[in-house]
Amino acid sequence: MAGECVPEGRDLKEMGEEELWELINDNRHRISLGVRPCILIPYLRQARVLTEMDEDEIVSCHNLTNRSMRTSYMLDLLRTQGRNGAVALLESLMIHYPTLYTQVTGRKPSTEPSRFSGLIKYSELTEYLIRAVTGMQKELQEARCEANRMSTRCASLESDIRQLMGQEEKSRRLQSENERMRRHLCSLQHEVTKLKDEKCDVYMRYTAAIEEKSAVGMRLHDLNLQVYQLQTELQKTQTENEFQKRRSLRCVPHTEGPPLQQEVRSLPCQQVKVEKLDPAHQDILAQDLAEALDSQVELAEHLRCYREENEKLLTEKQGLLDQKECLSLQVQQLTLDCNMHQQKNTVIQNQMRELQAERDQAYLSRDEAQAMIARVLAEKDTLRCQLMEVQERVFSLQTKHSPIEQLPSCDDMDWESPRSSCEDSEFPSRPRLRRMDALNPMSPSSCHPESEDVVASSVRSRNAEPPGPESLRRREEVLYADSSLETADTDSLLEDFVFLPDMGSKDKQTPRLSSSNDSSTDSESRTSAPPFLMRSRQKAIRINGRVLSISLQGEALLSQLAVVGGNKTGVFVHQVTEGSAAHTVGISPGAQIVEVQYEQNQKALRMVLEDSTLEEAMWALGQVTGICHLSLRPRQDDYEALLHQLQSNVTSSGDSFYVRVNMSVPASPNGTLAVSCNDILHVTNTRPAGTEDSWHASQVHPCQLLDLQSGTVPNYYRAQRLLIRAIEDMSFQKKKSQKFWRSVAQNKEKAVRIVSTGRQGRNPLWVSVEEEKTKSTDAGDTSAAKCCVSLMPYTLVTPHYPPICRPVLLLPTVLGRTLNKKLAGWQGFELCEPEVLSSTEHAAILQRSEILEECEQGRNCCYTLEGVVKVMKKGIHCVLPLGLDCVRRLHRAEIFPIIIFIGQSARSARKLRSKLQRQGQSEEQLLVCSRSEEPLLDKLPCLYHSVAPDSWCDQASLLTRLRTIVWEEQKKIVWVEPDLW
């Protein structure tokens, strides 16, 4: 073997440390993918370049999740050993991976002792080589056995291939037959389509003819009506003309009476005679004349009266005659109208008889068309069944042929490396590894206690895919770069950053800590790190702009500057003390504080204040000690708008968020707002003037986002202490008197709601922590935050406005099964029915998490989300015969049910005894179910409505009460909190 190794490059003994490691880094990707660390570690341990602690860290570290990451980490450890680490690595590759050794160094492997560097003694090296050769011989023997087995397998596969070829020939014939039948089916379909088109054309022509006939009939009817109207008008005109003629001929002359005319003629003669008479006669005649004139006047008066009476009688007579003529004209007109209507009725009856005949004929045609369509559909179904049978046969043949296509060819198998062939055959191919972002100590992940031990180490790689030759230089540049500022504000210039002279040296001198130091520092960071590592509140308005990073001396930072704002508007610098460090570096009012970075207990802390409340921002700035970095964003317009609102008393701060109260707080004389458990509060100021442990909040209207009564409430941590004290008092009272506790539980409202942070282990409100004020506190822990206990007096909530009717869920479930059908019988309610699904549909819906509850195991009968949505789309309430487990699934689909819990007592259970016995239930089961489900209601992320046991007397009154509750709850806003369980 020694005679076969002919060196083709420089000897490794002549190469220096940098050259060796440059050679290894050039092939780092190949080494990380092809080397198992557990094979090389024994040789590297004997060469004394790895310790037992390093071996345990490589093999059992949880952060190294795959083989490539372990290999890369081992290379980083060997890099710290200098030239010995590189030489030992290459020698181990020469022994265990000769092919990879040749690819890396360009030299053929050799096991001569002179070719080794002397890191291991001759006897130890010989013993190690013997063990390695023995292992390789065993692996070679196993590989040969595997090769024989594979050859036998190939022979059997060839026979199977021959059989499959015969089956393939049969399948080809079947496919040709299938194609022929398919073409025949297509021709039949074309013929059926042509017949349908022809029949449709005939129906269209028939319909057009019927429409034309009906149009002609309507036109004829209109013409007849016009003729009748013209005849009627003609007769009326003739009658009026005759009446006018008769009236014109009937004219009576008005003459005076004969006596009066004779007297008038005799008067001149008498006058002549009177002139010829003597005076005595004249006097007598004058007297007679006067008498005669008087009598004449009287006669004339009588005559005038008679004439007037005569004229009146004539006018009355004429009116009666006119009335008679009008009545006669009306009688003639009515007679004509009656005759015309009789003729119209006759015509309409004839048309109705014709339309009935046409309707009967259309019904017969429709029946014939439907029968024909049914025949065509039956033929189509028959042809479709035949096609499906043929397709099933084709698919079965294709599935039989599919294993042949999936088998790899013999030419593609690699028989050169027995180990790799065995690995490929035993294990499936894994996806290609991707590069992970290098950890940055100034990034947000570095503040987490679990990642601080990894960040503190020097330049150890955790990348899934190793970097290229320039990995060290690139890693050193990324190590001290602020990734958050570079990604968020790419337009910031170099002159925006102000550094003090001593800060740069401190950042660059980061010592490598041991495991013990890491653990101690980790425990300190857990106690001193601020609790706002996660936010559940609504984020403030983010405005991308130019961010300035300023470094300054941060001792007593709150005495150097004052801040205003909150989570809704952002935290702004309000005032800067003249002569302070903040004033010296150029901080001015109107700048928004985006984040603050500082060191505490040799740990770098980074606090993002972009959407923090005023209280937590002031707490965070009060924790700063020593040199700090402030990231500021100029927002002068927003700052002036906030000041205008504060000065005009529109708002009291920039805070605005909604919380659900989990305890009852009584009112106090100092203005504390009286709140009850499950009330919704709108917090508008977390640091009101004159108080440090209170918030300013308002109660919210149940149906609108309107603030009602306002006042102060305890802040998070004071309310937390009150909650703990209330729980202790209740537990003490329970131990003291069980009877007293039952009376309190029945007669009073719910006092507390036990809610914890669950898996998160920290305060989800992300609010500030109060400082220790006891005298026993050490000087080094005065700025440390108090530990966050799990009980939560407030939980954040968000409003939702359901646009349609919400589902209804009745609890307890034993009573709900009895009342669901009764409630669904009311108008506006419908019971959700289960669906029977096939196995494929059940698996698909189960994968989408749309199954609310299973009815029976093994039958695929379940309540689905789609069934609830169908009922809701009708605009009615869907009654859910389900349990509490469906609430969270409905919330994920943005469906918020109305949850009604009907409280139970022994007396109320007796009222439902007969109903429960029909369902096969008892009163004891109802009470047990009620007691078991009532504590689970507090874990729901939404509000619910409770019905007192004594608020109803029978089932009818209970259903009426439930219906009223549903209508009231539908109008309210739905408040949902993040699911903490």
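Ground rules first: residues count from 1 along each chain as its sequence is written, and side-chain values use heavy atoms, with hydrogens and water left out. Because the model is predicted, local features need pLDDT of at least 70 and side-chain atom pairs count only at pLDDT 80 or more, while totals for chains, interfaces and linings use all residues.

**Exercise 1.** Work out which residues of helix α7 (residues 98-105) are buried, and what covers them.

*Solution.* 
- Step 1: Helices are DSSP runs of H or I, at least four residues, and strands are runs of E, at least two, numbered from the N terminus.
- Step 2: Buried means under 20% relative accessible area (1.4 Å probe, protein chains only); in α7 that picks out L100, Y101, V104 and T105.
- Step 3: These four sit on the same side of α7, because they cover an arc of only 115° around the axis, taken from the directions from the helix axis to the C-beta atoms.
- Step 4: Their cover includes α1 (17-26), α2 (28-34) and α6 (83-96), with contact being heavy atoms within 4.5 Å.

**Exercise 2.** Find which strands pair with β4.

*Solution.* 
- Step 1: Two strands pair if DSSP finds at least two bridges between them.
- Step 2: β6 (residues 627-634) runs antiparallel to β4, joined by seven bridges; here I593 stands opposite L632.
- Step 3: β5 (residues 603-608) is also antiparallel to β4, over six bridges, and E595 has V608 as its bridge partner.
- Step 4: Two residues separate β4 and β5 in a hairpin, and N601 in the turn has a positive phi of about 55°.
- Step 5: Nine of the 10 residues of β4 (residues 591-600) are buried, so the rest of the structure largely encloses this strand.

Methods. Buried means under 20% relative accessible area, exposed over 50%, partly exposed in between (1.4 Å probe, protein chains only).
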